[in-house]
Structure formats: structure tokens, C-alpha cells
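Here are my notes on the model you sent. Please read them with the structure open.

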Amino acid sequence: MKADLFLLKYGEIALKGLNKPIFERRLLSNLDSRLAKIGRFSIKAAQSTIYVEPLETVDTDETLNELKKVFGIVNICPAVRCGKELKAIEDTAITCLEEEETEGKTFKVEAKREDKSFPLNSPQLSAEIGARILDRMPGLRVDVHNPDILVQIEIRKDAFVYTKKIKGAGGMPVGTNGRATLLLSGGIDSPVAGYMIAKRGVTLDAVHFHSHPYTSDRAKQKVLDLAKIMTQYCGAINVHVIPFTDIQLEIIDKCPKSLLTVIMRRMMMRIAERIAEKTGGQALITGESIGQVASQTMESLAATNSVVSRPVFRPCIGMDKEEIVNISKKIETYETSILPFEDCCTIFVPKHPKTKPSIEELSEAEKLMPNFEELLDRAIENEEVVSLGG
């Protein structure tokens, strides 16, 4: 694909009024960090468009692949720059079309004039360039309603022509909407939940609960691999690996078997909130989907919520498994998530879990473990923090 630069279009940022520059600056910073590993670029914002111009020879496809993963960008337009004379715009449009399969196809020209000193307005420029294309490329036909090829012209300081508008990741730039702590397992759901919250501009930390020797080092590595994949969209992530074995064994030894899973979840939420307190996380994130398993009924979710004061975000809450799987495939976490290495939740599952536990009975059951606060403190003291991405 021939392109001099990329014109990036954003959506919601344009609606931020006087706060718009804050979001633009963060997006520019995120782009700069993402593209630095590919090469040197000039990255500038003007008139609700971001201009990304290579300052050296770079791989266009690799650049596009990175740009498609930056939250805040709605469309990516690989464009060719030209002079603002009609002949230069015409020739550039023809060059762009020559890269397409045009025989028997339809087209439309759509112009946008930001420079009001340009002598033709947008409809006039569209009609003029469209007529010239028809003269030079008789294999094309005009269709203004549903064209096969859309030739787009933007008149700014220079003129820009492009025929492709590639869908971006959307959302808001990571770092513009606070920080949250993700409970990250080795399953399908939690990476999707983290992705969806990061898409709203939230910076992520992650907490993973590891039950050595009942879960293997391969199970822990699987989670770190998932977090690494997530950094392609979410930016740098610190994963707090918490040794959870002693807590689980204490629960199994002291508490009713039917309540094991929910009590484990309550302990995880307590630990995650303490990690959030240290890292500045303003909320907790889980991959729970209502009714998916016994610990995700309305009663169980209310019981796990009751032990923390921070809000708990569950972006997958109303999704069925197929919808979650589709997103995991899109963000390329699915194949890693289905690797056969079990996490601590799947190892210690009771045969007959209670699906509608009350907060009162769970609180009473936890009194059978008078030292559980000490166990939580010890687990956090022995955490391993793995920094990924950046």
C-alpha cells in the first residue's frame, strides 16, 4: 500500500469541549510509545485529525497493525499528500485508484475542504475530480449511493487523497479515565473484561492468584502470556502474583464445602482491593457473567461485592459465552486461554456448590477462620510483581 502518512480520525474525543486537548495529548503520547519500536514518526494533531508521518522507511503493514490497537482511534486513513492544484489532486487520485481492482467497479469522490481559501467548495471539488477520473478511467462507473470505491480528498494545509478507511480500535485513550485492578485468571473471560475496561481509557493493574504446587508454573506463565497479549491494547500492565495456597487450604479445612468457591472469591476480592489501595486503583474488574457458574449467581455476586468498598466492574456480565469467546478471538487471547493449565479456582471446586448463599451465612463461615486476615497479609507480603509491556 502506497502512503505518505496516516490520517487518524477519532470519535468521542471531539465531544470533550475544553477538555479535548487533554485527551489529544494522551492519545499522542500513547501513539508515540506504540510506534517507537517501529521507527521514527512525526505525530501531530490539528482540526480533529492526527497526522502520523514516517520520518524514515518503515513497514506500512506493521505500522497499520500497531495503529489498529491504539484505543481512541476510530478510523485510519493511509493517505497520499499532494499539492492543492486540481491537476495534482487528479493525478494523485488516479495513482491511488491504480492500486485498486477497478474494472467494472463503481466509485464516488467525497471531498472535505478545511482550507476555506481553496477556490472550489467540497461538492464542486468532488464533481470536478469525479469527472476527470471518468475521462481517464473508462472502466469505472459513478455510484453516489453505494460505490465500490470511495475516493476521499481533504484540503488542508496540503491536499490529501486516500481510498481506504480502516477501522480502528475505538474507545478512549488509555490513561484518561483512571486506574483499576483486574482479577486475572487463566480463563477466557477476565482478559476480555480487562480489554473492555481499558477501551474506556482505564489504566490496568492485574492480580493473579497462584496455588503452588496444586497449580503448575506453566499455569502462572499462561496468565503472564495473556497479560502480555493484553498490553498490545492496554499498554503496560503490572501483574501481582499472589500465593494463595495457604488461604485455600485453610478454607477447605475450616469452612462448609458448599461455600468454598464463594468464600475463596471473597478472599480474592479483599486481596485485590488491598492491591488497588497500593497502586491507586479506583475500582476492581472481574470477568464474571451472571449465571455462568455457581459463584456467579446474583446472590454470590452480591456476597463477593459486600467485602469490598470499591466499585466492581463486570463488563461481561450480560454476555453469553459465545459473545465473550468472539471478543477473545478478536484480541488474540483465546488460543492462550484454552491451554490446559488449570488455575486455582478450577482445582478446588466443590461437588455441590451452593448457588444462593446469603451474606450472613458466609460471614458466619468465615468466623471459623479467625486468622484469615493474617493469611491475607502474608499472601500480599509474598507477592511477585511482574511488569509487562511499556
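Is Asp205 buried or exposed? The model is predicted, and the points below start from that residue.

1. Asp205 is buried, because its relative accessible area is 1%, under the 20% cut-off. Its side chain meets that of Arg179 in a salt bridge, 2.6 Å from N to O. Asp205 lies in strand E11 and Arg179 in strand E10, so the pair ties together parts 26 residues apart in sequence. Arg179 is partly exposed, at 29%.

2. Strands E10 (179-183) and E11 (203-210) run parallel and are joined by 5 bridges. Asp205 is also the bridge partner of Thr181.

3. Both strands belong to an open sheet of 6 strands, ordered E14-E13-E10-E11-E12-E15, with mixed pairing. E14 (312-313) and E15 (384-388) each have a single partner strand, so one side of each lacks a neighbour in the sheet.

4. Elsewhere, E2 (41-46) pairs with E3 (49-54) in the antiparallel sense over 6 bridges. Ala45 has Ile50 as its bridge partner in E3. The two strands form a hairpin with 2 residues between them, and Gln47 in the turn has a positive phi of about 55°.

5. Look at Arg81 next. Arg81 forms a salt bridge with Glu53, with the closest N and O atoms 3.1 Å apart. Arg81 is in strand E4 (75-82) and Glu53 in E3, so this pair links parts 28 residues apart in sequence. Arg81 also forms a salt bridge with Asp158, at 3.2 Å. Asp158 sits in the loop between E7 and E8, so here the parts tied together are 77 residues apart.

6. The whole structure holds 34 salt bridges. Lys87, Glu90, Asp91, Glu128, Arg132 and Arg136 are linked in a network of them.

Conventions
Residues are numbered from 1 along each chain as its sequence is written. This is a predicted model: local features need pLDDT of at least 70, side-chain atom pairs count only at pLDDT 80 or more; totals for chains, interfaces and linings use all residues. Side-chain values use heavy atoms; hydrogens and water are left out. Two strands pair if DSSP finds at least two bridges between them. Helices (H or I, at least four residues) and strands (E, at least two) are DSSP runs, numbered from the N terminus. A salt bridge is a side-chain nitrogen of Lys or Arg within 4 Å of a carboxyl oxygen of Asp or Glu. Buried means under 20% relative accessible area, exposed over 50%, partly exposed in between (1.4 Å probe, protein chains only).
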